[in-house]
Amino acid sequence: MSLPLYYFLTITAINILMSWALYLPYRVAHLHFLTVANMAISGYLSGWLVQGLGFSFWAALPIGLLAGGLLGWLLSLFIGDAPTFTVVIVGFTFIYITRTVIENTKAVGATMGMFGLPLVAGSPAAHRWALLALLYALVLVVGFLIHRFEHSRLGRASSAVFVDKDLATSFGVDIKKLGRLLQVFSSTVAGGCGVIYGFLYRSFHLDFFTFQLVGLFMTIIFVGGYATMWGVVVAAPLLYGLTLLFPPEVASWRIVIYGAILVAVLVLKPEGFITRRLILNLERLLSSKRKKI
Amino acid sequence: MQVFVAQVINGLSLGSIYVLLVTGFNLLLLVAMIIHFSYPQVVVFSMYIAWVVLRYTGNNVPLAVLASVGASVAINLASAPLFQKIMKNREEVDINSTMVVSMGIGMIITDVLSHGFNKGLPISFPKELVGDVAVFRFGLISLLSGQVVSLAVGVLAVSGVFLLLYKTRQGRAFRAIAEDPNGARLVGIPLLSTGLQSYALSGILGGLIAVLLALMLGYTSPGLGELVAHKVLGVSIIAGLGNLPGGLVVGLALGILEALIQGYLPGSWSNAIAFLVLLVVILVKPRGLFGIKL
Amino acid sequence: MRKKWFVVLAALLVLVAFVFTGCQKEGATKRVKVKVEQWEIPFMNSLTGPIASIGEFLHWGAERAAKEINEAGGISGKPVKVIGVDTALDPQKGVVEMGKIVQNTLVALGPVPEPVIMAAMPIAVENEMMSMTATTSLEYAEKFFPWSISWFPKTEDRLPPLVTAWAEMNPEMKSVVQFVAQYGPWPGMAAAHNVGLEKAGVKVLNPVEVAQDMVTFGPLAVKALEQKPDGIILSCFPEKAAKIIQELKSRGWKNMSRILLFSSADDASLYSTGGASLNGAIIYNYINVDVDTPRWNAFKEAYAADHNGMQPPSLSTNYYDAVYMIKEAIEKTGVTGDPKKLKEERKKIAEYMANVKGFQGLLFNWDMSGGVPTNKPTYLFEIQDGKKKLVKEIRD
């Protein structure tokens, strides 16, 4: 496999997973920007475990997942049913705190970053295949879980919360529990992504985890469609691939084009490209075709 | 003690920046139900327009002020239909969609500034126009003319906007359209012209804020808006969305807090601690310190 | 008789052959059959995004070198083209671009800046391709040796003598406070500054941290002045350094020669923000713009013509020199650009550049040893009206 294709596939997978991590809490109208802080914390933690304490990547990964989940759980005790803005402020706060702690911690390279993370498998080629397989396995597992969630009572409850919190409460939906569940899951996924992200680059640097990532994942969700998980699957590779294909004269206006796409989609198709109705129609079409067969 | 007083004055100066921006932010919220996350970027754009006019007209200040106001009004009027289109539910603020649209607008503005003005480099305003003359100095305590003017105008701006929105017919009309356009139409308020006036008003305020920031800071850069956008949103939330007096108090308080943190602790912690304080406040009072006023 | 003539002729032939091989200077350009129609050098740079203004003049310098080389006949007779590859300070983009580049490129320039270096250089290392990170510190570049070279010597060797020299210029200066931004290698540079101060017997006061997103600097200025320093060192972002100086001056700071700015602040945004308020401050850097040579004068004129009369920033020469170094490496090692010999020729270029002797840079000559420059000068300048006036040259 060519290197550009490898990096395109792996980074697209990271973007899908992280956008899903943001998408899930958004099902109850929470913009859970804490996920970017989770990425950084778990990532640097895993780097320290591997380089500092000699752990293997395969041991550091579950620890990174756990760390993400734990932080998400702790905070969800306070913000499980908080208003949207509170969750936004929590996210911003932890991004700032994380960055400040990392830049002042010599053990994780401080402002210089961490270099030379080892291969996760015996050779560079094996390393690449291992990460690619791991990422797409995670995409499948997380995607499956989200799909099951969306077609469950909990999924329907979250849709109700999104539309009308008070009405959902009157129907017996426990908003706090639901919010906590989604936030913990989202933080766990983000923690795992952080670990893999660093080993993809074989280094960590603070500027891998900036507010621009927040903008990127928000764009993917809103352009792809925030009402269904499939919007992320379509938008992530498209938005990433688009910028790689621009000719140099156009590439210099990349950010303007991104912003214009974002605005245009939100104005013309507020629910994004992939809507619930579209998925429903597709499902009906597929099931009718199956019946014919 | 001298150091403490100096830092408090520095804090008031920083706080007045937040007050000005939050006032404009709240005005848009009150008259149009828009969370314009990138309002600071619009202000920075207006600063650049003022700079261009100053440069090519030999420092013609009135023209620069007009140009700045004009630019801000133009952007507001151009973006108004975009926001109006995406807002489906007019009873509540659709924070998510408007926030994302404004993020897109902010990205466009920042990148246009990086490409099109001074090769993306920061710009500085003519020294004779910047308010860096000390009106009072004692040891480390220094009060500059720009700081005094910005703080004074900030307070006046908040008072003026508050009076306009809550004590005049026109202000009531603006708020009526924002809260319930159908109801407003029923009572005979012309939607289109009143709506446009409300956007123009926030644009005028934005242009004036740009001039004041130029006076106070003496410089700007393409990324300046992004640097303060999080804090402006934070101040507005902590004060209570749409709460003008609350925005004044919290803006100044945040400025003082940051200045004291920078003065007594390592500077790199100032953002983290400031946001931590904001977080604690919002956990205790989710509707803001002074309550939402939408 | 015939035999005698035969012997004389043979001896003459041997003598001629001996003279020819003896006359060939070591490292002389090898005449080889080049397999490319054009040498293409990708330059991974930030042409858009937060540091687009820096990326622009870096690219300008590289293209200027390519233009001159082509006008003089190219590299081994073939033209050279610098291809700008924009990474926009985005590691996600950087790795894909580097992945494309390593497939069939002989040597590359960049990446710029550090986050993209961290993400993309491991790919260059794995594929054994030299990518010249000519604007980052040794502390970053050495992590990727031998597939990168450093444009700068060790921070802890180079900076202390500079700062000591500055302190000696101001003998009344007994204590100094330093403004430091927590970014990349800058804290390390700040620590090296302190070593220089201590060597000069100057007391190092508590540092003042400058956060990346500060917009006003009054609190920092007060924090610094509270310690009653005699001198100030600024190791932070250029426009912030300019604003801090203005803030210090507004609070009564008068002695500008006791303000030292570090090299990374020597950027167009320092001058566009600070203007005349910087007059008298001292700044250190690695190029002396007042050198009077035809080549440099032509460079300066061309830069001013394309940049509204501005002086070239110090980093603008780095990739200019890098392109010339590539030219020299290709010609001296007999690289052909044959795709079948890619691995071998990449290695030749890397080895040559890591140990080049007497490289004729735009402003001075220098040597490399193991990828580290050994005898580059550093200069102290006084800033006057946006221009730098040489005060002192310091050599290793």
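Student: Among contacts in chain C between residues at least 6 apart in sequence, what percentage join residues at least 24 apart?
Tutor: The model is predicted, and two residues count as in contact if their C-beta atoms, placed from the backbone, lie within 7 Å. Contacts in chain C between residues at least 6 apart in sequence form the reference set. The share of that set joining residues at least 24 apart is 69%.

Student: What percentage of the residues in chain C are buried?
Tutor: A residue is buried if 20 or more other C-beta atoms lie within 10 Å of its own. Chain C has 396 residues, and its secondary structure comes to 13 helices and 16 strands. Buried residues account for 56%.

Student: Where in chain C does pLDDT stay under 50?
Tutor: The average pLDDT of chain C is 89, and 92% of the residues score at least 70. One stretch stays under 50, and the model gives that stretch one contact beyond four places in sequence. The stretch is residues 16-27 of chain C.

Student: Which element gives the largest share of the side of chain C that touches chain A?
Tutor: This contact takes 27 residues from chain C and 27 residues from chain A. On the side of chain C, the elements that give two or more residues are strand S2 (80-86), helix H3 (91-104) and helix H4 (114-126). The largest share is eight residues, and it comes from H3(C).

Student: How many charged residues are on the side of chain C that touches chain B?
Tutor: Here 28 residues of chain C are in contact with 35 residues of chain B. The elements of chain C that give two or more residues to this side include helix H2 (52-71) and helix H9 (238-250), while the largest share, six residues, comes from H8(C). By class, this side has eleven nonpolar and nine polar residues, and the number of charged residues is eight.

Student: Which element gives the largest share of the side of domain 1 of chain C that touches domain 2 of chain C?
Tutor: Chain C is divided into domain 1 (39-152 + 309-363) and domain 2 (155-285 + 378-394), with their C-alpha centres 31 Å apart. The contact takes eleven residues from domain 1 of chain C and eleven residues from domain 2 of chain C. On the domain 1 side, H2 and helix H5 (138-141) of chain C are the elements that give two or more residues. The largest share, three residues, comes from H5(C).

Technical notes:
Residues are numbered from 1 along each chain as its sequence is written. Chains are lettered from A and ligands numbered from 1 in the order in which they are written. This is a predicted model: local features need pLDDT of at least 70, side-chain atom pairs count only at pLDDT 80 or more; totals for chains, interfaces and linings use all residues. Helices (H or I, at least four residues) and strands (E, at least two) are DSSP runs, numbered from the N terminus. A residue is buried if 20 or more other C-beta atoms lie within 10 Å of its own, exposed if 12 or fewer, and partly exposed in between; C-beta atoms are placed from the backbone. Ala, Val, Leu, Ile, Met, Phe, Trp, Tyr, Cys and Pro count as nonpolar, Asp, Glu, Lys and Arg as charged, and the others, Gly among them, as polar. pLDDT is the predictor's confidence in each residue, from 0 to 100. Domain bounds come from an automatic or database domain assignment.
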